[in-house]
Amino acid sequence: MANVKFEHITKRYGDVTVVSDVNLDIADGEFVCFVGPSGCGKSTCLRMVAGLEEITEGRLYIGERLANYVPPKDRGIAMVFQSYALFPHMTVNANISFGLKIKKVPEAERREKIKWALDLVDLGGLGERYPKELSGGQRQRVALARALVLSPEVLLLDEPLSNLDAKLRLKMRTELKRIHKMVEATVIYVTHDQVEAMTLSDRIAIINLGQLMQAGPPLEVYARPNNMFVAGFIGSPPINLMQAKLEERDGKLFVVTPDFALSLPEDKAAKARAWGGGPQDFGELSRAVVLGARPQDIYETAHAPAMPWTGNTIRAIVDVMEPLGDAVVATVLAGQQVLQVTLPPETEAQSDRPIDLIVDLSNIHLFDPQTEEAIF
Ligand code: ADP
Ligand code: MG
């Protein structure tokens, strides 16, 4: 096993910067997902670890060793691509054996390792088949076996499940977690799918426009996003973001939209005041902010848990109801604001009817509209 350390890693193509000053320390045996929109630089980061792309600036360490100039085959890594990249004219056994042959592993040992890897990915008995005789899911498992058989210290996976249908993807996710436990390699996993990243990782690294926005355990980035991008990218349905203002009313601080006002609890009001330039009151000087409230933190009053605040209700009209079985996602209109809220299946809400909502103020977020950084 090995840790992987990105130190001020930058990648430029000509004068286009595609990865910008990324700093990240991935621990030995950790499972880290790089997640972000298409084109944000995830694959480029992974390919720099693999040694398939030159690093323009910064230092990459694999284990204790500076790896910038180490050839790919000497890095102790193995990579799995979205496209599988199996040799079509070779059997499964031969595909898996290929890397071992290059490493000059003796035949008896090769056979043993192939059997181990095929059993691990649940493909025992299919070694004599050709890739075209396998389903997409099975091919992806062969690609995984081919990587695992090399006993990599670091396993690199680039959207390995994207070509599989939804059900198979779920199954493979569970398999990957199980396999990770058994092989104990450090894993860097690239995906554009935040749900996949949330369910698989020890830590998620969220990338946007070549920059690392935040790295942390799934529940931490969900509950405490550093900025608006992370807040909007993590969570499903996505967080509701609204233009709002901070206003002082009778000594209390409110987040005010044109359609409703939320009274800030003391701890949050203190943070908002500190952000406003000090422990002052805002008086006439209202400040623009962006309010974030997750659909899961807005309750139908009739089904809400007890909450210790007042000034946290919203009157709205239900627009669309989307039943999911274990919950209903309702799109509601609070004046001009379009909000999504997650309701329990027993909700009596109906399209085009009013609904009373109550917001869990302990979980709301405020962002600076200029910098998009979180105020809390
Ligand atoms: P992701 O994997 O997050 O979708 P990539 O890492 O593949 O994104 O690409 C990041 C950016 O770098 C994209 O804008 C892409 O167009 C650009 N890019 C990738 N490879 C090259 C290249 N060889 N030359 C120029 N630009 C490239
Ligand atoms: Mg990619």
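Me: What is the lining of the largest pocket like by class?
Reply: The lining has 17 nonpolar, four polar and five charged residues. Nonpolar is Ala, Val, Leu, Ile, Met, Phe, Trp, Tyr, Cys and Pro, charged is Asp, Glu, Lys and Arg, and the others, Gly among them, are polar. This is a predicted model: local features need pLDDT of at least 70, side-chain atom pairs count only at pLDDT 80 or more, and totals for chains, interfaces and linings use all residues.

Me: What volume does the largest pocket have?
Reply: About 700 Å³, taken as the space filled by probe spheres set on the grid points, which are joined across faces, edges and corners. A pocket here is an open set of points, on a 1 Å grid over the protein atoms alone, where a 1.4 Å probe fits, with protein on both sides within 12 Å along at least five of seven lines; lining residues have an atom within 4 Å of a point.

Me: Which residues are closest to the centre of the largest pocket?
Reply: Ile77, Ala78, Met79, Gly99 and Leu150, out of 26 lining residues. β6 (77-80), α2 (92-102) and α4 (136-148) each give two or more residues to this lining. Elements are DSSP runs numbered from the N terminus: helices H or I of at least four residues, strands E of at least two.

Me: And the second largest pocket, what volume?
Reply: About 250 Å³. Of its 14 lining residues, Ala223, Arg224, Ser362, Ile364 and His365 are closest to the centre. The elements giving two or more lining residues are α7 (218-223) and α9 (266-275).

Me: Switching to sheets. What is the strand order in the open sheet of five?
Reply: β13-β12-β11-β14-β20, with antiparallel pairing; a pair needs at least two DSSP bridges. The edges are β13 (261-263) and β20 (365-367).

Me: How many bridges join β12 to β13?
Reply: Three, with β12 covering residues 252-256.

Me: Which strands does α9 lie across?
Reply: β11 (240-249), β12, β14 (287-293) and β20, at about 80 degrees to β12. Contact is heavy atoms within 4.5 Å; axes are fitted to C-alpha atoms, for helices over the stretch in contact, and angles run from 0 to 180 degrees between N-to-C directions.

Me: How many salt bridges?
Reply: 15, counting a side-chain nitrogen of Lys or Arg within 4 Å of a carboxyl oxygen of Asp or Glu. Among them is Glu7 with Arg59, at 2.9 Å, N to O. Glu7 lies in β1 (residues 4-13) and Arg59 in β4 (residues 57-62), so the pair ties together parts 52 residues apart in sequence.

Me: How is the numbering done?
Reply: Residues are numbered from 1 along each chain as its sequence is written, chains are lettered from A and ligands numbered from 1 in the order in which they are written, and side-chain values use heavy atoms, leaving out hydrogens and water.
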